[in-house]
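Student: Let us go through this fold by question and answer. Please show the sequence and the model.

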Amino acid sequence: MAIRSKVCSEMPHPASAAGLHLIADLARGSRLDDLEWIERTLRDAAAAAAVKVLDVKLHPFGPGMGITGVALLAESHISIHTWPETGVAAVDIFVCGAGTNADAALTLIEERLTAVTTYRQAIPRLGSRAQSVS
């Protein structure tokens, strides 16, 4: 089954599929071992970013342990790795195309996990609308 994104894969030139890749480390988070909560958070983060979810895969490492999860998007991906024992999560959000909003996804994740961002890096991709790196 071929699912294509109108915002990314149908663009004739990579520059028109400009994207933003956010990586962030979160601290003091809660519910980091709650599988259903993490899935709901990934799906809602995708909605906040105005992107289409193709699938969500999660792997719990056991009771009280972390979760690795990824939302596969038509516009790329959102992933999360959690460590509930220390309240830490690593988030990776890559979205492309006009009208997408990686920052909105990160804000939603912070709110849902009641976490604070301790590290954030924005990486323009594919001729991004954001600042280019020389």
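Tutor: Start with a definition: the expected span of a helix is 1.5 Å times one less than its number of residues. Helices (H or I, at least four residues) and strands (E, at least two) are DSSP runs, numbered from the N terminus. This is a predicted model, in which local features need pLDDT of at least 70, side-chain atom pairs count only at pLDDT 80 or more, and totals for chains, interfaces and linings use all residues. Residues are numbered from 1 along each chain as its sequence is written, and side-chain values use heavy atoms, with hydrogens and water left out.

Student: What distance does α1 reach from its first C-alpha to its last?

Tutor: α1 has 14 residues. At 1.5 Å a residue, 20 Å is expected. The helix comes close to that, with a reach of 20 Å.

Student: Which residue is the bridge partner of I78 in β5?

Tutor: β4 (residues 76-83) and β5 (residues 88-96) pair in the antiparallel sense. Eight bridges join them. In β5, the partner of I78 is I93.

Student: Which residue takes a positive phi in the hairpin of β2 and β3?

Tutor: β2 and β3 pair in the antiparallel sense over seven bridges. V53 stands opposite L73 in β3. Six residues lie between the strands of this hairpin, and the one with a positive phi, near 120°, is G62.

Student: Which residue caps the N-terminal end of α1?

Tutor: A polar contact is a pair of N or O atoms within 3.5 Å; within protein, one must be able to donate a hydrogen and the other to accept it, and residues adjacent in sequence count only if both atoms are side-chain atoms. Here the backbone nitrogen of E36 lies 3.3 Å from a side-chain oxygen. That oxygen belongs to the capping residue, D34.

Student: Why does T41 count as buried?

Tutor: T41 lies in helix α1, and its side chain reaches the backbone oxygen of W37 at 2.8 Å. Leaving aside neighbours within four places in sequence, T41 contacts L108, I109 and R112. Buried means under 20% relative accessible area, exposed over 50%, partly exposed in between (1.4 Å probe, protein chains only). T41 counts as buried because its relative accessibility is 2%.

Student: Is T86 buried or exposed?

Tutor: T86 is found in the loop between β4 and β5. Its C-alpha is 8.0 Å from that of A27, 59 residues apart along the chain. At 54% relative accessibility, T86 counts as exposed.

Student: What is the relative accessible area of A98?

Tutor: A98 has its place in the loop between β5 and α2. A98 and A50 are 9.7 Å apart, C-alpha to C-alpha. A98 is exposed, with a relative accessible area of 65%.

Note on methods. Two strands pair if DSSP finds at least two bridges between them. Contact means heavy atoms within 4.5 Å.
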